Amino acid sequence: MYKVVGKQKLSSSVYMLEIEAPAVAKKAAPGQFVMLMVDEKGERIPLTIADWNTENGTVSLVVSQVGSTTGKLANLKPGDTLAHFVGPLGKPAEIASFGNVVCVVMGYGMVTIVPIARALKEAGNRIYSIVAAPSQTDLLKLDYLQGVSDEMVVATSDGSYGEKGWVIEPLRRSICKNEIQRVFNIGSLCMMKLVCATTKEFKVKTMVSLNPIMVDGTGMCGACRCSVAGKTRFACVDGPEFDGHEVDWNLLMARRCTYPVSLEEAASAYRCQYCGQW
Amino acid sequence: MAELNLNRVGMPRQEPAVRAKNFSEVALGYSHEMALEEAKRCIQCPKRPCIEGCPVGIEIPDFIKALRADNLPEAVRILKRKNSLPGICGRVCPQETQCEHRCVLAKKGAPVAIGRLERYVADWERGQATATRPIPEKLPPSGSRVAIVGSGPAGLTCAADLSILGHEVTIFEALHVAGGVLMYGIPEFRLPKAVVQGEVNYIKSLGVDIKLDWVVGNTISIDELLDEGYKAIFLGSGAGLPMFLNIPGENFCGIYSANEFLTRVNLMHAGEKGFDTPLPMGKNVAVIGGGNVAMDAARCALRSGADNVSIVYRRTRAEAPARGEEMENAHEEGIDFRCLVNPLRFLADSRGWVAAMECIEMELGELDAKGRRRPIPKPGSEFVLEVDTAVVSLGTTPNPLVPASTPGLNTKHEGTVVIDNSTGRTTRPGVWAGGDVATGSATVISAMGAARIAASDMDSYLRQKVAANWQ
């Protein structure tokens, strides 16, 4: 059993949970994920590691309440337990001294990218962060990413915070103004697809973190298979980070919708306004 | 000596039309009378060839003799001397090619139903109160700690042997339940999960500690285990990586590896009340492959509500690697065998869901390297099969997580770990391996046999009976 030791509400439907899992905390690296089961009859779902503390032996996750399992997670209180929690899984993000790096994020990505951004900054990169959200109330823990960014631009669709708009314009601006060596991108599939189309024009290598459906998370089932550079790859063991210019986005989007949640469940969640993807 | 009886006692089974709609066990097991009657057929021949046919060397005539004398505790003791998982082996071993194949009665009629008798004895024991079950005596503590990677048939067997020999054994299991392929792969109707958990509990009762949710290679590496004071490590992580057809359209929605499909049904209980994992079942399901796993997937699909289920196999049933009994069971339940057919590509609807499979007819040509007739496509015979769910069951290769994270652990192509077959030693000092991780996908019992060989060598190594130099 894995105890919930902390819970923080980040928006109306997004929470950050801190879980006691010393073995996972000890080995965690930026970009990796865990598989968890809330109870013995639950699903196994993957969640990106948003932070960890080796001293306390805890791992933090961001939970966006979209389906039944994330709903169960969002209802947990400190002191409650998860039945199973396994990791760290997947390959860590590629961290090197690239030079100028843009981190483009939306949704839970604005929190889960922080370990990657922090490691990139420690490796000597200059970090430009671009954050998008529908509205100010959808901005999650902004100071967390701000703390590891050299510059940050926030765009909201309704203009309630930062500039009015989405990520593509500020991204283009940033690439034109600064000499960008690498882009890191975590967001909805639709957003990653459009970001990658943009950076491809500028020939800036863009790493994306994929979060397809998984069952075991260790390479056993192949539910998470995606097509990268024309080859079938497993996001759980070959990823989750891939070169976004090589990803077959349409296939990934179709596979992501294998088990659609009901419209009622969807109503409370954060959905990409451009394509309806999570 | 009793008169030679050439006919075995039949196994009671659920009727095909009934069992095709439930997940309960197909073969119901012998009654006490049936078991005694079948046990009487064993002539207790002096040559005892059946033992040579058993990968773990069970003293088969002796357990049958004890059973015949109605001394079931003694029959259990004899079985467990060589086999820690008799309830499992009695059900899923291919006895027809092993012990029963060697039985002297097989020359004239039906061999003694050794597997059914083994199952009977194991099931009798499981029905007894825990306190009255015979437990083998353990040697005094050796002071050595041993780590075992994976709690499938190989890992459980190795753990039981080493624990009885006095070592302190910890199993590291990646999934949330112990049992490996016995839990996620083989379906309930062929191997009830209560039987598997009964055997797992027996292993625990020997003092083995099973740590769930530990992915060796990720959560902890082999090097770290050695640093933590484990003196010997057994790698029994199986062959968990599914192979695909590598044909166009294979990643459309509704196309599963057999591993995913069976894991959803068996381990995650998809479709069962109260469980969350989904598996919407199509009307027309095609399972591609001719092994036991393909039969399991097809029969699970049928039980999960599919209207039509076909096995699509590029050779004929005569060449198929599945057990004859399992193919017959599948056939009786209404699975359609489309033999000499090979898929060429998948076609999808507008949502990216599989809608059809373009296939080609095959014919058998010359013998290949393994002595099976090679399937050859018949030009111009292409046709389209309507499917809304497809399961790819072409076999599996070892998961690379451990080899990739363990310096000095050599693998062959297809990822199998290199071992010395007489000891189970890998190329990495202090690390043994056995079962599917070393052979690629094979049987439960061959994995158990390899695990016993490794356990014996590990014990000698830990007691420094063998030279410390690692070969």
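Trainee: How are α4(B) and α5(B) set against each other, roughly parallel or roughly antiparallel?

Mentor: Keep in mind that this is a predicted model. The axes of α4 (residues 60–68) and α5 (residues 72–82) of chain B cross at roughly 170°. Angles over 145 degrees count as roughly antiparallel, so α4(B) and α5(B) are roughly antiparallel to each other.

Trainee: Within what distance do the axes of α4(B) and α5(B) come?

Mentor: The two axes come within 7 Å.

Trainee: Which residues make the contact?

Mentor: From α4(B), take B:Asp62, B:Phe63, B:Ala66 and B:Leu67. From α5(B), the contact uses B:Leu72, B:Glu74, B:Ala75, B:Ile78 and B:Leu79.

Trainee: Switching to strands. What is the strand order in the open sheet of five?

Mentor: The order is β3-β2-β1-β4-β16, in chain B, and the pairing is parallel.

Trainee: Which strands are at the edges?

Mentor: β3 (209–211) and β16 (431–433) of chain B. Each of these pairs on one side only. Neighbouring strands in the sheet are turned by 20° against each other on average, ignoring direction.

Trainee: How many bridges join β2(B) and β3(B)?

Mentor: Three, in the parallel sense; β2 of chain B covers residues 168–172. B:Phe172 stands opposite B:Lys211 of β3(B).

Trainee: Now the whole chain. How many helices and strands does chain B have?

Mentor: Chain B has 18 helices and 16 strands.

Trainee: How does the radius of gyration of chain B fit a compact globule?

Mentor: It agrees: a compact globule of 471 residues would have a radius near 23 Å, and chain B has 23 Å. Along the principal axes, the C-alpha atoms of chain B fill a box of roughly 65 × 60 × 50 Å. Buried residues make up 52% of chain B.

Trainee: And the largest nonpolar core, how many residues are in it?

Mentor: The core has 237 residues. Those with the most contacts inside it are A:Val34, B:Val287, B:Ala297 and B:Ala298. Helix α18 (residues 444–462) of chain B gives the largest share, twelve residues.

Trainee: What is B:Val287 in contact with, beyond its neighbours within four places in sequence?

Mentor: Several alanines: B:Ala294, B:Ala297, B:Ala298 and B:Ala301 are among them. The list also includes B:Val309, B:Ile311, B:Val312, B:Val391 and B:Ser393.

Trainee: Last one. What share of chain B contacts between residues at least 6 apart in sequence join residues at least 24 apart?

Mentor: That share is 70%.

Methods. Residues are numbered from 1 along each chain as its sequence is written. Chains are lettered from A and ligands numbered from 1 in the order in which they are written. This is a predicted model: local features need pLDDT of at least 70, side-chain atom pairs count only at pLDDT 80 or more; totals for chains, interfaces and linings use all residues. Two strands pair if DSSP finds at least two bridges between them. Helices (H or I, at least four residues) and strands (E, at least two) are DSSP runs, numbered from the N terminus. Axes are lines fitted to C-alpha atoms, for helices over the stretch in contact, and angles run from 0 to 180 degrees between N-to-C directions. The radius of gyration is taken over C-alpha atoms; the globule rule is 2.2 Å times the number of residues to the power 0.38. A residue is buried if 20 or more other C-beta atoms lie within 10 Å of its own, exposed if 12 or fewer, and partly exposed in between; C-beta atoms are placed from the backbone. Two residues are in contact if their C-beta atoms, placed from the backbone, lie within 7 Å. A nonpolar core is a set of buried Ala, Val, Leu, Ile, Met, Phe, Trp, Tyr and Cys residues joined through C-beta atoms within 7 Å. Angles under 35 degrees count as roughly parallel, over 145 as roughly antiparallel, 65 to 115 as roughly perpendicular and the rest as oblique.
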